[in-house]
Each structure stands twice: as C-alpha cells, then as structure tokens.
Amino acid sequence: MILIPDVKRKSFGVFGLGLSGIATCEALVASGAQVYSFDENRDARDKTADTEYRCEHPKNWPWKDLEAIVISPGIPLTHPKPHAIVRKAQQENVPIVGDTELFARAINALEPQARPRVVGVTGSNGKSTTTALIGHILKQAGEDVYVGGNIGEAVLSLPAFDSDAVYVLELSSFQLDLTHSMRLDVAVFLNLSPDHIDRHGSVDGYLAAKRRIFLNQTAADLAVVGVDDDYGQSVCTQLMASNNADVRLVSSGSALGRGVYALDDKLYFNLDGKTAVAGALTGARSLRGSHNYQNVAAAIAVCERFGVAPSLAIKSSQRFEGLPHRLEEVGRNGKVLFINDSKATNADATARALSAFEDIFWIAGGKAKDGGVESLKPMMNRVRTVYLIGDAAPQFEDQLHGSVQIVTCGNLEKAVLAASADAAKSDASAPVVLMSPAGASYDQFKNFEARGDAFRDLVSELSVGNGEAA
C-alpha cells in the first residue's frame with residue numbers, strides 16, 4: 001500500500017467505491033486521515049459498514065473541513081455535465097483529485113535518492129498491452145516492477161515505494177484529468193482516435209487530457225510518442241519545440257530518422273545515430289498486427305532507457321502471453337481459430353484486429369460509438385461474413401450494406417454458432433472467427449470483460465461439443 005504524506009488528522013471525501021475508491025479509502029485511513037465516503041450503489045455502501053470510512057451521504061460531510069475530495073475516474077468532471085458531487089465541491093471551493101494525484105504527491109514528498117522510477121502509458125488503443133509488455137520486459141531483465149493504474153491493481157494498492165523499483169502505470173484520459181502534480185520519468189503517448197467525446201466535449205478536449213501525461217516532465221525525462229496518426233505527430237512536434245523532455249518517436253509502418261519502428265515484420269531502432277535491427281516480430285503470437293508492432297516499438301523505446309538492449313527486449317516480447325480480451329486466442333475447432341478481441345470498443349481498435357487476419361468471420365455490434373463502422377468498409381475484403389449483435393446491429397448493417405455478406409444474429413450465442421458453422425464449411429484453409437465488436441458492451445453485458453468471458457465460454461462449449469480441445 002502507498003501511504004500518503006501530510007494527511008494525518010486531515011479530512012477527505014471519497015466518492016465512488018470501486019477498486020480505486022476502496023484503495024484510496026484504505027490508504028488515507030492508514031495514513032492517519034479522516035475519510036468520508038459515498039457511492040451511489042447500495043451494495044458498495046453496505047460493504048463499508050464495518051470500516052473506518054463507513055459511507056455517509058455527502059450532504060452530511062464537513063465540507064468546510066475537507067482538504068479535497070477524491071472521485072472515481074468514472075464520475076463526469078465537465079461533460080456531458082458536471083456530476084452533482086463535482087458541482088458541490090466547486091461551490092465549496094474544495095479541490096477535486098483522483099487517486100493518481102495522491103500517488104504523485106506521495107512520490108513528490110520523497111527525497112530524490114528515495115524516489116522510484118515511474119512510467120506512464122496512455123493512448124486510445126493499446127495502452128493496456130503496452131503497459132503490461134513494459135512490465136514483462138523489465139521483469140525479464142531483472143528489475144523490480146509493479147504494474148497498475150487503469151490495469152490490474154489500483155495505484156494506491158501497489159507496494160510501498162522502493163527506490164530500486166519501477167512503477168509502470170496505465171493512465172486513462174479520465175485519470176489524467178484528475179492528476180496535477182505527477183512527474184513521470186517516462187511518459188508514453190501511443191495514439192489517439194476520436195473516443196470518449198461525451199466525457200471530454202470534443203476531440204480537442206480528449207487530446208488535451210491525454211497530453212497531460214507529459215505535464216511536469218523535465219529535460220531529464222523521456223517522452224515516447226507514437227507518430228502513426230495526425231494527433232501523435234502534432235503532439236510530437238509540440239514536445240520537440242518545447243524542449244521539456246527527451247523525445248523518442250515510435251511507428252508501426254514508417255522508417256524514422258531517430259526512434260524505434262517496425263517495417264516488414266522486423267523492428268528497427270536508431271537511438272544513437274545508427275540504424276540497427278532489433279529482431280523479427282513474427283515470433284510473438286500474442287502481439288499480432290501492426291498496432292501491436294507499435295506497442296512493441298514503444299515498449300522497446302522505454303526499456304532501452306532502463307538499459308535493456310532492443311535485441312533482448314524483442315526476445316522477451318516473444319515470450320509475452322498477452323492480455324485477455326485483446327486478440328486473445330480462446331480456442332480452435334478443427335481448422336477454425338477463435339479470437340476474443342472484446343476490448344475493441346471502437347472502429348479504430350477493430351480496424352487493427354481486422355488487419356491482423358484474413359478469411360475472417362467477424363462478430364460485431366454492441367453500443368455504437370460515434371461514426372459506427374463506416375470507416376471499416378475498405379477492409380471488408382478481409383471478411384467473409386459479418387455477424388451482427390446488440391443495439392448497433394441496424395446501424396452497422398446499414399453502413400456495411402453492399403460491401404460484405406451480413407447476418408443479423410441479435411445475441412452473441414447465435415452469432416458464435418452461426419460464425420463457427422460457416423467458417424468450418426468454408427473453403428478457407430485457416431478461417432478465423434473474430435469477435436471484435438467495434439462497440440461498447442453495456443447494451444447486453446456489464447463490461448467488455450463480461451462480453452469476452454461469455455465468448456470464451458461459448459467457444460469452449462462449442463469445442464467440447466465437437467470433441468475438440470479448446
């Protein structure tokens with residue numbers, strides 16, 4: 001657990017009691033603070049009954065005495081409109097922060113020689129994989145590494161600071177909006193595509209939140225920037241002009257004069273004026289596709305900063321098992337391979353999955369994001385049939401009409417049965433049933449994890465029913 005300095009006998013409000021909220025309450029109490037907590041969910045409130053931060057409605061909080069309120073990243077800060085708790089805090093002139101800000105304050109209170117090294121990773125797509133991959137490579141190289149944030153453990157649940165350790169954090173735009181004093185030794189901006197517009201008001205607002213990952217960096221720190229989209233190129237230009245940090249570029253399709261890049265399934269690096277080959281990218285089955293090549297490039301750019309040779313980092317990448325719900329192999333039934341890419345909740349993420357395979361029997365749908373799947377029409381030459389589920393089915397059918405064969409299934413179970421049967425009887429030698437929805441999950445599932453788990457279970461039942469091992 002991370003203890004928070006200078007909070008003893010001070011009062012804090014914590015609103016939202018998910019994993020990060022509970023971790024925040026525990027850390028503040030352990031640090032000597034008085035904590036007032038609340039959650040709009042009754043079950044979450046009931047779980048605090050026997051704790052020192054027992055839930056109490058915010059109307060009863062001692063607002064004049066509060067040092068700050070710590071809100072869950074899921075609480076709307078500005079758009080579509082500020083949550084009532086945000087408006088109340090603003091009226092009372094009480095600072096609003098996130099758990100990552102408390103983590104930053106704890107680090108900032110340390111003497112320089114006691115400070116651990118901290119890596120932060122953000123981006124519209126690939127940030128979880130890149131965060132986990134950086135942790136994996138550094139562990140393989142013998143570093144003490146702790147991974148958390150928007151992936152795995154909440155930041156305040158991570159082990160107490162160790163000056164020899166590396167903390168690798170995935171940071172969402174929501175978390176970055178609530179973080180003000182974080183200074184990252186290495187900050188990674190992978191990419192940006194229009195998403196979460198309802199929470200940020202515009203693409204510019206979303207980009208501004210993502211760019212906060214470079215806040216407070218100095219010339220001694222490293223900024224790693226993906227330049228495969230216009231937004232990343234703009235961020236890179238601005239960072240290089242500011243001279244606030246050492247900037248390294250990464251790409252999954254363009255040769256770079258300086259940086260780390262992938263071309264023709266090989267990874268190249270030029271960090272000292274000479275270009276060299278780190279190794280082949282084809283050996284990592286869990287890192288298929290050009291988008292994952294960008295993730296590998298970013299991870300290698302980061303790990304080289306910690307003394308890991310790119311050639312060794314490539315070998316470690318080939319041993320990386322990947323993360324659930326991200327191009328995850330979940331079974332094989334005869335010649336048919338089943339891929340769970342439930343984390344792909346927008347068209348840009350699904351485009352990356354479609355580019356990784358051919359002869360695809362594609363399961364798509366859910367709750368549509370802005371633009372739907374219109375941008376994916378040029379990729380339908382890779383798709384044999386699309387099987388539509390969820391609320392987005394009518395919109396997706398209209399957008400894809402005439403470019404691919406379409407079967408409207410309604411739910412995931414019907415889609416898996418239809419796609420697997422069609423793939424098995426097709427003339428493709430290596431057909432792939434790809435569940436990459438290009439939509440959010442909450443029309444039919446609690447979250448993308450639940451959707452992916454359901455897909456995995458259906459594939460397992462299908463395989464067992466046909467006498468095959470999943």
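**Briefing: Asn244, helix packing and overall form**

Leaving aside neighbours within four places in sequence, Asn244 touches Gln217, Thr218, Ala219 and Leu239. The structure described here is a predicted model. The protein comprises 15 helices and 21 strands, and 55% of its 470 residues are buried.

- Asn244 is located in the loop that runs between helix H9 and strand E10 (246-251).
- The relative accessible area of Asn244 is 43%, so this residue is classed as partly exposed; that class lies between the buried limit of under 20% and the exposed limit of over 50%.
- Ser193 stands 51 residues from Asn244 in sequence, and their C-alpha atoms are 25 Å apart in space.
- Leu239, one of the residues in contact with Asn244, also takes part in the meeting of H9 with H8.

**Helices H8 and H9**

- Helix H8 covers residues 203-211 and helix H9 covers residues 230-242; their axes come within 12 Å and cross at roughly 50°.
- The crossing of H8 past H9 is right-handed.
- On the H8 side, the residues that meet H9 are Val203, Leu207 and Arg211, while H9 contributes Tyr231, Val235, Gln238 and Leu239.
- This contact of H8 with H9 consists of 5 nonpolar, 1 polar and 1 charged residues.

**Helices H10 and H11**

- Helix H10 (residues 289-305) packs with helix H11 (residues 310-318) at an angle of about 130°, and their axes are 10 Å apart.
- H10 and H11 are therefore oblique to each other.
- H10 passes H11 in a crossing that is right-handed.
- Val296, Ile300 and Glu304 of H10 meet Pro310, Ala313, Ile314 and Ser317 of H11.
- Sorted by class, the residues in the contact of H10 with H11 are 5 nonpolar, 1 polar and 1 charged.

**Particular backbone features**

- The peptide bond that joins His79 and Pro80 is cis, with an omega of about -5°.
- Pro80 belongs to the loop between strand E3 (66-71) and helix H3 (84-92).
- Asp265 is not a glycine, yet its phi is positive, at about 65°.
- Leu327 is placed in the loop between H11 and strand E14 (328-333).
- With a relative accessible area of 5%, Leu327 is buried, because the limit for that class is under 20%.

**The protein as a whole**

- A compact globule of 470 residues would have a radius of gyration near 23 Å, and the protein agrees with this, having 23 Å.
- Taken along the principal axes, the C-alpha atoms of the protein fill a box of roughly 70 × 55 × 40 Å.
- Among contacts in the protein with a separation of 6 or more, 66% are between residues 24 or more positions apart.

Terms used
Residues numbered from 1 in each chain as written. Predicted model: local features only at pLDDT ≥ 70, side-chain atom pairs only at ≥ 80, totals over all residues. Heavy atoms only, no water. Axes fitted to C-alpha atoms, helices over the stretch in contact; angles between N-to-C directions. Helix = DSSP H or I, 4+ residues; strand = E, 2+ residues; numbered from the N terminus. Parallel < 35°, antiparallel > 145°, perpendicular 65-115°, else oblique. Left-handed = near helix turned anticlockwise from the far one by under 90°. Contact = heavy atoms within 4.5 Å. Nonpolar A, V, L, I, M, F, W, Y, C, P; charged D, E, K, R; others polar. Rg over C-alpha atoms; globule rule 2.2 N^0.38 Å. Buried < 20%, exposed > 50% of the residue type's maximum accessible area, 1.4 Å probe, protein only.
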